[in-house]
2 protein chains.
Amino acid sequence: MSNSVEGVEKYRAISPAEFFYKYREIAGFSNPVRALYQTVRELYENALDATDAHGILPDVKISIKRVDEIQEYYRVTVEDNGIGLPPDVVPNAFGKVLFSSKYVLKQTRGMYGLGVKMAVLYGQMTTGRPVEVITSKQGFKRIYYFKLRIDVNKNEPVILERGTWRKSRDWHGTIVSITLEGDWARAKPKIMEYLSRSVVVTPYANIIFLTPENEIIYYPRAISILPRPPVEVKPHPFGVDLEMMKQLKELSASDTVKDLLIKNFQSVGESTATEVLNRAGVDPSKPAGSLGEDELLRIVNAIKGFENLRPPSAKAISPLGREIIVTGLSRMFKPEFVEAVTRRPQVYHGHPFIVEAGVAYGGGTPQSEMDKPVILRYANKIPLLYDEGSDVTTFVIKEDINWANYSIAFPAPLVVLVHVCSTKIPFKGVGKESIADVPEIRREIRLALMEVLRRLKIYLVRKAREEEVKRRVVLLAKYIPEIA
Amino acid sequence: MSNSVEGVEKYRAISPAEFFYKYREIAGFSNPVRALYQTVRELYENALDATDAHGILPDVKISIKRVDEIQEYYRVTVEDNGIGLPPDVVPNAFGKVLFSSKYVLKQTRGMYGLGVKMAVLYGQMTTGRPVEVITSKQGFKRIYYFKLRIDVNKNEPVILERGTWRKSRDWHGTIVSITLEGDWARAKPKIMEYLSRSVVVTPYANIIFLTPENEIIYYPRAISILPRPPVEVKPHPFGVDLEMMKQLKELSASDTVKDLLIKNFQSVGESTATEVLNRAGVDPSKPAGSLGEDELLRIVNAIKGFENLRPPSAKAISPLGREIIVTGLSRMFKPEFVEAVTRRPQVYHGHPFIVEAGVAYGGGTPQSEMDKPVILRYANKIPLLYDEGSDVTTFVIKEDINWANYSIAFPAPLVVLVHVCSTKIPFKGVGKESIADVPEIRREIRLALMEVLRRLKIYLVRKAREEEVKRRVVLLAKYIPEIA
Ligand SMILES: Nc1ncnc2c1ncn2[C@@H]1O[C@H](COP(=O)(O)OP(=O)(O)O)[C@@H](O)[C@H]1O
Ligand SMILES: Nc1ncnc2c1ncn2[C@@H]1O[C@H](COP(=O)(O)OP(=O)(O)O)[C@@H](O)[C@H]1O
Ligand SMILES: [Mg+2]
Ligand SMILES: [Mg+2]
Ligand SMILES: [Mg+2]
């Protein structure tokens, strides 16, 4: 034991690529079932981010092909008609973990700069096959082709092949192929469920899915209206911290501190900036570069304590709207009653967010469990399938709603849809499967559900009354046969 | 819209420090309550890793002091008598995200190389104060002092101050202080619960906790036996993948491929290596450096399909053992019945693991909820407090056990303890709060619980019988007064 007290440890740093390769389960790549599902998801979500968020009606083709007779190797290909990528960023976008265009304040499905790289890593560790990318942007004269793998130790792309050719028509978009070990038989139901839930909230997309059995599953576009695309915004002061202020100080060293505040934050103009700096005891005309750490800290605290700020702008978020939810639920379940609501923007920790809720009742709506309705959860337009038990929506449904108030007793033919959208979804993990219990969000989900449930109740009460009337008429008819 | 179709994106890569600063919630730093709790936890777990895993009986002092009259700034200090750190690694250990001594195959509480850096980051973004470290290793003549912060963009430590002095006595250990914005009033119950649950499984530790109100909470050492410390092992071939083989190929380029297998894996000797290579169709005497990717892949697949491998060694894991669990539960609850069991080692994905379970019943044991016992979850000797609803242990308890079989109806005065230990715990996130539903682990938890519950049942049945006898004696006494 005296030997071990010596404590000779082996210290080392690993790259983010090695980190996420080592702990791939936390990003949803825990086994061949989940990995196949997650790969489809990551490619598909990137395809949608490259289209609807940029005003393009999405046309997406997904194909999964088995490519080895002995091993269960699958080639997953997703093609979109999106904005494409400039050729110089392709290697990093697909081969460098934590490289992204989505570290901006704007609603997107991706947010971690991780998704496609996890799929590439999983592919190369199970099958050794590189990722292949074909892409072109609108207006570009050429199409570009890359074949690459990730150097895990360095977190760098290794380009194995590249090519380019002239475009004959103005195609723009991206085609990505990844080959990985998967378990199609067991992943199939999850992938199917994911897609069918996804099209509920993207009825403006054309989706074609070609399965390994050569089945073609087609979700045709149902409406041609896109939700308003989100617009990038500046950070809201409510989300400020000392680290952010330090970075801004470096970037705006030659500005006055007042200008630093006005230029870099939304909701901050002349008078707010002056007032904040007064409270912080900092001269507004002082050059930002000369601010000491204690001054920066006083500014941060003054901002946090400020009551009169305009709430964050909602331009950066893009809800679905009532029509899309109602259309989606109707198409999916053919219910006898359907309703949806979009709440007004709210804020948590400086991030704007909007909650939407929908209900479908009766008709083709599936029967629920004994203690709650069927729940369809969405975040920034992506369906969440796993970890329902630890999601804030489940907490609201199980703890915050008095179902009897709405004339509902379970099991019931009732589906409830909840969509949270924000510049930053507080996911509990990088696998993007459940939303944390943030009080501000929980409250909005409750209010949104209460709103749609009130309307459902009116419908149910009226229906019960009409049935009662009918029953009476029948009863009456029995006793007064001459009327019948 | 044609404007947005252009899709001018801002691409960038962020460092792992910026990534985890940005998404700190996923590591448990979502607000001042959680951050204070998580900081104590990370420092405390590092202190224990530096002691018990190296054969040292832990002496740990935790103190939390409020250091600002207006803002809720707290200075958290944790002191241990552990192995200390060499001065040249201190800056990276505390100032570089993903730097660790625990990326080895051996049971430890840490595994992500992230914990203390998250606390340092949170401290500097909320209060601007750097981390302070004082450390010395056994046998070293000097003590070293560092004050440092993290450069978030570069993911590098920035040393603000350093010093060193001669030791007067042979002290070894580490003292770490971090100042952060916290919410003591609301974090207190969680921190208290964490510590009291922790000492249940480390009765061999001496823990002193000084609160901001200057209360002293003392958990004295209850036994002086340490569990056998874990020993580092080589990877088991069942966990192999192509990426790992490629890295080994680079490292052992001049060895023959047979030697590569024998040297780098446990459970692989002459005959296994030869047999694997035969099946893969690779010449055993071929130099590893000359292997092609297809050959590496064939070797990986041959290993995975190999049936006769010895299971992974359990030397690398260190269970608590029956005595420690029984002592811990008895001390905590003074129950009328207590029992515990340590199962034999098992494997998932190439990782050895052991499940232990304990029950405490009656006496001072608290009353449970309506549908399940009070659950104490542990992983590699750390208590898990959050996300109970998505933990594999909860699934077993709610779905896999027929409680009526064990004469138990809820609510009951019943506490159930489950400890999973492994060279790699399949946590669902880097916050280390819940264990994923891995079938092999789920099965072992069920079997462990069934074992202790069977013994509880025997006790309960005997007790019921004795009470029945007593009741009869009393009844008898009533009717035959001359005996009384
Ligand atoms: N189909 C696509 N079309 C256009 N750009 C894409 C596409 N797929 C990936 N990208 C680019 O690659 C980046 C990295 O993707 P990914 O690793 O999935 O992370 P994230 O989606 O979180 O940003 C994206 O931010 C985007 O800029
Ligand atoms: N109290 C301590 N005593 C000795 N070494 C420590 C201590 N705290 C941290 N370290 C070292 O710093 C490294 C990084 O710690 P941390 O960031 O918490 O990650 P992890 O614990 O997952 O390795 C540890 O691996 C360990 O080598
Ligand atoms: Mg993505
Ligand atoms: Mg402004
Ligand atoms: Mg640690």
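Of the 484 residues in chain A, 60% are buried, where buried means under 20% relative accessible area with a 1.4 Å probe and only the protein chains counted. The model is predicted: local features need pLDDT of at least 70, side-chain atom pairs count only at pLDDT 80 or more, and totals for chains, interfaces and linings use all residues. Residues are numbered from 1 along each chain as its sequence is written, chains are lettered from A in the order in which they are written, and side-chain values use heavy atoms, without hydrogens and water.

Chain A contains 13 helices and 16 strands, both taken as DSSP runs (H or I over at least four residues for helices, E over at least two for strands). Its C-alpha trace spans about 95 × 70 × 70 Å along the principal axes. Among contacts in chain A with a separation of 6 or more, 72% join residues 24 or more positions apart; contact here means heavy atoms within 4.5 Å.

How do the two chains relate to each other? A rotation of 180° with 0.0 Å of shift along its axis places chain A on chain B with an RMSD of 0.1 Å, superposed by least squares on the C-alpha atoms of residues with pLDDT of at least 70 in both. This is the relation of a two-fold axis. Both copies use the same surface, as 100% of the contact residues of chain A recur in chain B.

Conventions:
Buried < 20%, exposed > 50% of the residue type's maximum accessible area, 1.4 Å probe, protein only.
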